[in-house]
Structures are given as structure tokens and as C-alpha cells.
Amino acid sequence: MPDVAERIRKEFAHVLDTPADRIGELTACTEILQVAPRVPFYAALADGMRQHLGHRWATR
């Protein structure tokens, strides 16, 4: 649901664009990518997570 995610990001930008958020987001993403090889649920998310990280952090 990319449209919902985008709306949430815009509505809560004042909270989600803080240094603490960026650290939390990176932490969650790295934990998902770390267990992806062992957990099928996370493996299914890994490619989308990599794309998200590439897009999110390329725009910084």
C-alpha cells in the first residue's frame, strides 16, 4: 500500500524526519535484512526493503 505509506510519511513528517527516526528505521531495516536468509517471511520483504533503503537514503 505505497499510497498509504506515502500519506503517513507526509502527515507525520515532523516526527518521522528526525535523527531518532532515521536511526530507528535503519535499525529495523538492518534487523529484517539480517534474518531474511533464515526466516521466509522476512526473506519475502528483503528486496522491497533494499529498494526502500536505496530510495529513502539516496534522497537525503
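Author: What follows takes a few descriptions in turn and sets each against its definition, for a model that is predicted.

Reader: Why is aspartate 21 called buried?

Author: Aspartate 21, which is placed in helix α3, has a relative accessible area of 17%, and since buried means under 20%, the residue counts as buried. Leaving aside residues up to four places away in sequence, aspartate 21 touches Arg9, Val15, Leu16 and Arg56.

Reader: Why does isoleucine 8 count as partly exposed?

Author: Isoleucine 8, a residue of helix α1, has a relative accessibility of 42%; because buried means under 20% and exposed means over 50%, with partly exposed in between, the term for isoleucine 8 is partly exposed.

Reader: What makes the nonpolar surface patch that includes Ile8?

Author: The patch is made by Val4, Ile8, Phe12 and Val15, and its area is about 330 Å².

Reader: How do you know that the span of helix α4 agrees with its number of residues?

Author: Helix α4 runs over residues 40-58, and because its 19 residues at 1.5 Å a residue should span 27 Å, the 28 Å between its end C-alpha atoms agrees with the expectation.

Reader: Which residues of α4 are buried, and what covers them?

Author: The buried residues of α4 are Ala46, Met49, Leu53 and Arg56, and their cover includes α1 (2-11), α2 (13-16) and α3 (19-35). In general, residues three or four places apart in an α-helix point the same way, because there are 3.6 residues a turn.

Terms used: Residues are numbered from 1 along each chain as its sequence is written. This is a predicted model: local features need pLDDT of at least 70, side-chain atom pairs count only at pLDDT 80 or more; totals for chains, interfaces and linings use all residues. Side-chain values use heavy atoms; hydrogens and water are left out. Helices (H or I, at least four residues) and strands (E, at least two) are DSSP runs, numbered from the N terminus. The expected span of a helix is 1.5 Å times one less than its number of residues. Buried means under 20% relative accessible area, exposed over 50%, partly exposed in between (1.4 Å probe, protein chains only). Contact means heavy atoms within 4.5 Å. Patches are made of residues with over 30% relative accessible area and no salt bridge: like charges are joined within 9 Å, nonpolar side chains (Val, Leu, Ile, Met, Phe, Trp, Tyr) within 5 Å. Accessible areas come from the Shrake-Rupley method with a 1.4 Å probe; for residues, only the protein chains shown count as cover. A salt bridge is a side-chain nitrogen of Lys or Arg within 4 Å of a carboxyl oxygen of Asp or Glu.
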